[in-house]
Every structure is written in structure tokens, then in C-alpha cells.
There are 2 protein chains.
Amino acid sequence: MLLANKKVLITGGAGFIGSNLAQRLVSLGADVTLIDSLIPEYGGNLHNLHAIAEQVKLNISDVRDPHSMKYLVRDVDIVFNLAGQTSHMDSMHDPFTDLEINSRAQLSILEALRHNNPTARVIFASTRQIYGRPDFLPVSEAHPLRPVDVNGINKISGESYHLLYQQVYGIPTCALRLTNTYGPCMRIRDARQTFVGIWIRRLLEGEPFEVWGGEQLRDFNYVDDVVDAFIVAAINPKACGKIFNLGSKEIISLSKLAELLVNLNKEGCYHIHEFPPERKKIDIGDYYSDFSLIEQELEWQPRTNLRIGLMQTLDYFRLHGEHYL
Amino acid sequence: MLLANKKVLITGGAGFIGSNLAQRLVSLGADVTLIDSLIPEYGGNLHNLHAIAEQVKLNISDVRDPHSMKYLVRDVDIVFNLAGQTSHMDSMHDPFTDLEINSRAQLSILEALRHNNPTARVIFASTRQIYGRPDFLPVSEAHPLRPVDVNGINKISGESYHLLYQQVYGIPTCALRLTNTYGPCMRIRDARQTFVGIWIRRLLEGEPFEVWGGEQLRDFNYVDDVVDAFIVAAINPKACGKIFNLGSKEIISLSKLAELLVNLNKEGCYHIHEFPPERKKIDIGDYYSDFSLIEQELEWQPRTNLRIGLMQTLDYFRLHGEHYL
């Protein structure tokens, strides 16, 4: 399947990964429609679309609204389903909103597809957060799911509905379990999307940033590599009905990551803190993925090393940061 | 913990297992309040309470209503949380209602407890349905969860919220994963609660009943044994934060079960059919539980053999069947 002239829908299309994916799809000649609620606490930001505003259709609506979704999923070839509530802390303070977005809205998108467009390819953005504290490393797709917050529980439902609708109704769905993703267009205003966001904001503002713990190991994917994964999952029929981890071979502790960022920025500083009790309850210790399944089945590999990815990210926010505060 | 004078709340208290549990708790001297929505498609039936109507408080309300729940969970010592949508087929035809009851309402009960009564013991009725098609038999609690219908996905959320609220907020919860339960007070009008219900209805009406497949192995628990399990889970502190399978050592194929029922009833007949396609998609093949964990930790074992349990069930419905049609 080539993507030129394919009708593509991206939910969460003005968000971090959605907007990067939209840029790639435009460059590949796809006919791109974006859905975004532009809720200020989430990832949508119109500046993310500044380079492609004339080449995409933006439909401002909420995936929780089943009526707009019913109409919007008709006649599209591919749905990249990225809309979600991503904040772990918000999911504990307001678990119902997290449920509405990460579970109920997913069911309503799938019901809309089942009744109106059951042959569309659907790629769902899932998360490594659903594994919880790892039993073993690297974490493969077979690792038990033991979510440590409401967000993880609801993301499991969202992912499971996608797989179920493939098994029962034949809708060709696939789920990618993303690990920490960073890059241009991410939310840096606060830590709602990723802690790397707020680190970068503080760095560029010349303020010290906070590192909680520090020794935990993590893997990071640059957003371009994640976009690659969404594309290969959409065009390769072998992806249908499957779940794939993304990941990276560059494993790094949070304190080393902080050091690297300060070095790349030429200046800055950070403080290492003990976890506050509220946060400690939902921390997962070390985490990194086994992504050999997607390597073998879809021939995906991350291409961007961490140093270069972070440098590009810093460059982007030096230039565009004012639109993200 | 003794149960005499303990304040106990049972959601789904007019239902099959809820009403049997209520009878036991009354006999143990507990102060019992029942919540039931009495929605005709679900398990609630006022006749289930005929023997204890004067000894319990019945509050007719829906667990989806967060306002009544907030009030009702105050000051109770134990919550037996049994309200649920149980029909697998209904969950596919109307997935949103299943989500509202099996996921959202569970979250709202737990939020009510967290804010109003965080020390209450909570025993949640989960189901073996969440395992899906078994990888190995007997199925232990460590078996991966691969639900084959929307009901299974939403029950996983409901169960996971319970465990999470124990880990994060210290609410002493426990989940029992029930296998096929049968006995007096079950729904026999149709197969919404269990296929055994409709078999018994047809038998007593002198009509042939339908067996789908027939070779699948299953385990069955008589409702008194399931009531035992809820009681031991409520009084033993070792149950807190844990998940336990229920099960039986008497494993039987569906066709043998049908034969046994006909023999016990002295007359009757059944037809074995191929699965209809809609049903086949969500069938799980053979299933029986490994319940050694609850045997070891809480010293629970089923006491009623299948022949005696079925005989008592037939006797009950011969006498009371008119109230269940």
C-alpha cells in the first residue's frame, strides 16, 4: 500500500506525535484530516501545524463525541488513533475523564468504524505504561500487564477493544506500545505528556529542573522513529491484529539523561530529589522494551541516536518555544 | 472478624449470588443492606429475598448513580461488590452499557469509598471470562488475560481498579474470579446470566434444550460454596490486595452435564448443535480453574458435589420456578 492519495484520519492530530505524523503523511502525498479537541491540558497545539496548515484539514472536535466521529471515520483508508489523556497524575485526580477518553471514546471510534467503515486500517497508540513495574527486562509484549495507575487500566481497555474488534469484526487494527517519546512539538509547558518536556522548558528558561530518583533506567524514541513505526504498521498487512512494543537500544538513567541535556544545551542545572510519596506509589523502577517483534515482523528500527534527537529537540524549542509555554 | 452486627452492603443484592450471600449473612447476624437496580434484563429478582425480606434493608438504586452510592457506602464494614452486567452477547450488542456498569460504576464505587469510607473491606466479584481461551489447564491466576468479548475487557478494568485502590489508597480490596456458578435464585428466564439457567427452565417446562458444541470441559460451583468464598475473603486479612480463582475438581463436558441434568430430572431431552457463527467467535473452548491459591491462603474448598447441587437447584425451581419466568 502506498500512501499517496490515501485518505488518512489522525485523532489527536494537532498533538505531539499526531502532528509529526501529519507532516510525514503530507510529504508522502496522503490526503490528511486531523481531529483534535485542542483542550489546553492535552497535547494539541495549533503551532504544531504551522508548516502544513494549508495541506491538511483540521476538524476541531472531541473523540468523546460519538456523532462527529461517526461522520469523520467514513471513507477513510487509515485511522491513526492517537487521541488520549496521557497524564498519570491527572488520571488519579480525575479518573472519570481518563476513562471517558482512553476507554469509552475508543469504543465509540471502533463502533463507528464497525458500522460505517469496517475495512479501514487502524493503528492505535498504546503505551508501555500498561506493563507496570517490570518482572524482567527488557520487557516483551508477553510481559504481564499490571498497571500502576488509572491511566494504565484505561489504556489497556482501549487497546483491548482494538484487538477485539479485529478478532470479532475483522477491522484491521494494530496497537503500538510506545515508550518515552520526545522531539519537536511535544508538550513542554508541564509534565503532563512527558517529564522530558518540562526539563527542556526549564533548561531553555535558564531555570534548574527537577529529577525524581535519577537511577531509573529508561529507553527513549525520537518522534521521527515513532512516525516510521506508525507508517510501517499502516502499510504492512502483517501488522493486523497485532501488538508491538517500540523501544531503543540506548538505555539511559534519568540522571545521565539530565546530564546529557545540560551538556547539549551548554548550560543549565538540575536537582535530584527523592520521590514525593504521591508519585512514588505509581513509579515503576527501571523500564526498557524488547522491541524485537516489530524489528522482525515489520523491519522497524529506531534510526536516531539520543544525542542527535535531543539536539534537534533543543534546536526546535529554541526557535519555537514561545508557542509552547 | 466475626460477622455478627457487622454492617454489610451487597451491590447486586437481589441477584443470584447476592441474595444467597444475604441469606447467609442474615443467619450470621450481620446488619445487611442490599442495593439492586432491579433492571429486568439483569439478575435482580425480589422473590430471591422472600425468606429474608424483613431482615434486610433493600435500597433500589443503580451502581451507575454516584450520588446514591456516595451515601450508601458510608459507615459500612464490608462491601460485597457483585453488581454487574453478565451477558457476553449483550456486551457485544451494547458495549457502552456494559462499560458503564462493569467499569465506570466500579470506579465510582471505589471513589466513593476512598473519600467516605477507605477502611471498608471490599470483595469484588470478578470472572474467569477475563482469561479468554486458555493457554494451559487448569488456569491459574497467573494466566494471561485475553478477553474474547467487551464484557471481559470491562470486567478486567473493574477488577484492576479494585486492586489499584488497594495499592495506592490502602482500601482493603480483594477480587474473586468466579467460574460457572449455579443454584437457587439464578436467572433461568434466558441465558443472560448462565446457560445452565435456560437449560433448567426448558427442562422444567418439558421442552428440549440446546447444547452448543458439547465437548467443551467446564467447572461448576454451587452457589453455597461461592458464598463461603465471599465470607472467607471478607474475614481473613490475608485476602487483602489479592485475586483468587474459584473452581471445582469436578470437571465435566457440557454434553455430560446435559445428560446428568436430564437424569436428575427423570425426564427431558436436549439437542446438540454446532455453534452459530456469532457465538463461535467468542467461545473459549475447554476451561477449568486452578484454585489452589485460595485453598492454601484462605482454606476455601467447594463442598457441594455437582449431582447434589444440581438436584437442589432443580428442587428449588420446581417449587419457585413461576417467579423466574
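Me: What is the mean pLDDT of chain A?

Reply: Where pLDDT is low, the coordinates of a prediction should not be read in detail. This is a predicted model, and chain A has a mean pLDDT of 95, with 99% of its residues reaching 70 or more. For the complex, the predictor gives an ipTM of 0.92 together with a pTM of 0.94.

Me: How many residues of chain B are in contact with chain A?

Reply: On the side of chain B there are 20 such residues, and they are in contact with 20 residues of chain A. Helix 4 and helix 5 (150-169) of chain B each supply at least two residues of that side, and the largest share, 9 residues, comes from helix 5 of chain B. Divided by class, the side of chain B that touches chain A has 13 nonpolar, 4 polar and 3 charged residues.

Me: At what angle do helix 4 of chain A and helix 4 of chain B pack?

Reply: Two packed helices are described by the angle between their axes and by the distance between those axes. Here helix 4 (residues 95-116) of chain A and helix 4 (residues 95-116) of chain B pack at about 170 degrees, with their axes 11 Å apart. Because angles over 145 degrees count as roughly antiparallel, helix 4 of chain A is roughly antiparallel to helix 4 of chain B.

Me: Which residues meet there?

Reply: Among those in helix 4 of chain A are Phe96(A), Leu99(A) and Arg104(A), while helix 4 of chain B contributes residues including Phe96(B), Leu99(B) and Arg104(B). By class, this contact between helix 4 of chain A and helix 4 of chain B has 8 nonpolar, 2 polar and 4 charged residues.

Notes. Residues numbered from 1 in each chain as written. Chains lettered and ligands numbered in written order. Predicted model: local features only at pLDDT ≥ 70, side-chain atom pairs only at ≥ 80, totals over all residues. Axes fitted to C-alpha atoms, helices over the stretch in contact; angles between N-to-C directions. Helix = DSSP H or I, 4+ residues; strand = E, 2+ residues; numbered from the N terminus. Parallel < 35°, antiparallel > 145°, perpendicular 65-115°, else oblique. Contact = placed C-beta atoms within 7 Å. Nonpolar A, V, L, I, M, F, W, Y, C, P; charged D, E, K, R; others polar. pLDDT = per-residue confidence, 0-100.
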